[in-house]
Amino acid sequence: MNGAAGPVVAQLLTGKVGLLLGASRGIGEAIARAAYVAGARLVIGSRDFEALAALAQDLDPSGDSVVPVRVDMTDRASLEHAVSMTAERFGRFDIAFNNAGHQSARTSFIDTDDNMFDDVMAVNLRGVFVAMKWQVRAMLAAGNGGAIVNTSSILGMTARPLIAPYVASKHGLIGLTKVVAIEMAPSGIRANCVAPGPVMTEMLRRGPAANPEALQKMLDAAPMARLGTVDEVASAAVWLASDASSYVTGVTLPIDGGVTIP
């Protein structure tokens, strides 16, 4: 098998309203497409409003079910606005996908610049922390429970040299998600993570996958002997956001072709 041809999501999110942060490209764009196919009405956010507007127009030319909004994960007011806009536009708030992320430059731990560490944490951890607070408040106000799906990484479960800020942020995100899962469980709000492994995104295609030796090394590390697709990550994210996973919370789901098994 060469991987999924597209997201397998049926109508898992019919009647749900949600916010997707980090929607403009790659895994985020795939989640937007999958969630829309699954029946959700969405506000999609990122800093690249032009890309968002094009995606919204492609998915829903009427503008009734997919609404773009510019969001900066380092701006508290921006995040609050995105959440309140979702609830006001659609009259409820059921699901949230926090996919926005920032990668650090490759450098040794002792040479990692403090500001670089802070920049990565501001988006990958603090930004999601702030976003989730507003999302949980909106879910509590709506009174219908809810589901939050955060994009971590298999590097939030393992480690790799030369990218300490990124690894630390993704480990922190998993811990933060578990705390939210425990605290919000009595209110019917679930929180989980997807943890993509070697997935073919445009960034990977232009980077390591463009080097035949590096690509082969990634393939050799995966028991399934192939790279994943963004649609496979999106299908898992939609499932975790749906009632099909109603008894699942606090979980980090590796989507990695078996890389983390050994």
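Reply:
**A serine and its surroundings**

The side chains of Ser-24 and Arg-25 are joined by a polar contact of 3.4 Å. A polar contact is a pair of N or O atoms within 3.5 Å; within protein, one must be able to donate a hydrogen and the other to accept it, and residues adjacent in sequence count only if both atoms are side-chain atoms. Another polar contact, of 3.4 Å, links the side chains of Ser-24 and Ser-46.

This is a predicted model: local features need pLDDT of at least 70, side-chain atom pairs count only at pLDDT 80 or more, and totals for chains, interfaces and linings use all residues. Residues are numbered from 1 along each chain as its sequence is written, and side-chain values use heavy atoms, leaving out hydrogens and water.

Ser-24 sits in the loop between strand E1 (17-21) and H1. Helices (H or I, at least four residues) and strands (E, at least two) are DSSP runs, numbered from the N terminus. Ser-24 is buried, at 11% relative accessible area. Buried means under 20%, exposed over 50%, partly exposed in between (1.4 Å probe, protein chains only). Not counting residues up to four places away in sequence, Ser-24 touches Glu-29, Ser-46, Asp-48, Ala-51 and Leu-52. Contact means heavy atoms within 4.5 Å.

The largest nonpolar core has 34 residues; Leu-13, Ile-44, Phe-97 and Val-194 touch the most other members. Such a core is a set of buried Ala, Val, Leu, Ile, Met, Phe, Trp, Tyr and Cys residues joined through side-chain atoms within 4.5 Å. Elements giving two or more residues to this core include helix H1 (26-37) and strand E2 (41-46). H8 gives the most, with eight residues.
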